[in-house]
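Visitor: I would like to learn how to read the aromatic rings in a protein model. Could you guide me through one?

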Amino acid sequence: MNREIKKLFRDNTITFVLFDMDRTLVDTHTYFQEEMTNSILHTVSKIFPTKPLKKQLKITKEIVDIANKIYEQQKYPILVDTLSKLALSQYIKEKKVKINKKEVYKVLKSSYKEFYLTSPQPFPYTIEAIHKIKTFNIPIGVYSHAQKQWTNVKVEKIRNEYFKKYGEDIKIPFFTTNITDLKDKEGWIKAGKYHKTDPKRTLVVGDSLTADIYAAIDAGYKYLVYLSHTNKSVEVEQRAHAKIFVTKNLATVFN
C-alpha cells in the first residue's frame with residue numbers, strides 16, 4: 001500500500017473512500033468494446049450476408065472505429081445502442097449502402113437487450129483493494145456517472161465477488177449523476193452530502209482527471225488518487241490545498 005495513504009488511514013485523517021465506478025472498480029471499457037463489436041458484427045452479417053467473414057469483420061472494425069471517435073467527442077456518456085446506431089448510420093451514408101433502416105436498427109437494438117442488465121468484470125485487484133481498506137475500518141462508497149439501475153448491477157457484482165472471496169458482506173452505498181448531466185463540481189458536492197462525508201477527510205479515487213480529480217478538488221475534496229491505466233509517466237495539474245496521488249491502478253496503491 002502507498003505509504004502516504006497508509007499513514008493517512010492510520011492517523012484517521014481519511015475517514016471515507018469514495019470511488020468512481022467505471023474503469024476504476026470495473027473494466028467497463030473492455031466490456032463495452034467486446035459487446036459493441038459482437039453486436040455490430042451480428043448486424044453487419046444481416047446487412048451483408050453473402051460477404052465472407054473476413055470482410056464482415058473488416059466492416060465491423062471500421063464501424064467500431066467510427067463509434068469510438070464519436071464517443072471520444074462526447075462530454076456525456078452515451079448509450080451503447082445509440083452510439084452503435086450513430087456509427088452504423090455514418091458508415092452507411094459514407095459507403096452509400098442501401099438498407100432497410102427500420103429492420104436493421106431493430107436488429108442492432110435487440111442485440112443489446114442484456115447489456116445494461118449485466119455488470120462488467122471487476123478488475124483483478126478490485127476486491128483485494130476494497131478488503132485492504134476495510135481492514136482499517138474505513139467505509140467506502142461510489143459516485144458514478146451512469147444509470148442508477150446499471151450502477152446497482154455493478155455494485156451487486158462487486159459485493160458478490162467480495163463475499164465469495166472473504167465470506168462476509170460489504171456495504172457499498174452509491175450515488176449517481178444522470179448521463180444527460182455533467183459529472184462536475186456540483187455532482188461531487190451532492191455525492192459528498194449523500195454519503196454524509198467530510199470532503200477534506202475523504203479519499204477520492206477515479207480514472208478521469210476532468211470528471212473525477214479536478215471536479216472533486218473544485219468541490220472541496222483534499223485527497224485524491226488518479227488511476228492512469230498506463231506505465232508511462234503522467235503529469236497532473238497540482239492544485240493548492242489538494243494532494244493528488246498518481247498511480248497505474250488500484251493494485252499499485254492499495255495492495
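Predicted model: local features only at pLDDT ≥ 70, side-chain atom pairs only at ≥ 80, totals over all residues.

Visitor: Which residue lies over the face of Trp150?

Guide: That residue is Lys154, which is placed 3.6 Å from the ring centre of Trp150. In another place, the charged end of Lys243 sits over the ring of Phe245, at 5.2 Å from its centre.

Visitor: How many aromatic pairs does the structure hold, and how is such a pair described?

Guide: A pair of aromatic rings is described by how far apart the centres are and by the angle of the planes. The structure holds 17 aromatic pairs. Phe19 belongs to strand S1, whereas Phe254 is in the segment after strand S6, so the pair links parts of the chain that are 235 residues apart.

Visitor: Are Phe19 and Phe254 buried or exposed?

Guide: Phe19 counts as buried because its relative accessibility is 1%, and Phe254, with a relative accessible area of 0%, is buried too.

Visitor: Why is the pair of Phe175 and Tyr194 called tilted?

Guide: The ring centres of Phe175 and Tyr194 are 5.5 Å apart and their planes are at 40 degrees, so the pair is tilted. Phe175 lies in strand S3 and Tyr194 in helix H8, 19 residues apart. Phe175 is buried at 17%, while Tyr194, at 45% relative accessibility, counts as partly exposed.

How values were computed:
Residues numbered from 1 in each chain as written. Heavy atoms only, no water. Phe/Tyr/Trp six-rings, centres within 6.5 Å; stacked < 30°, edge-to-face > 60°. Helix = DSSP H or I, 4+ residues; strand = E, 2+ residues; numbered from the N terminus. Buried < 20%, exposed > 50% of the residue type's maximum accessible area, 1.4 Å probe, protein only. Lys NZ or Arg CZ within 6 Å of the ring centre and 35° of its normal.
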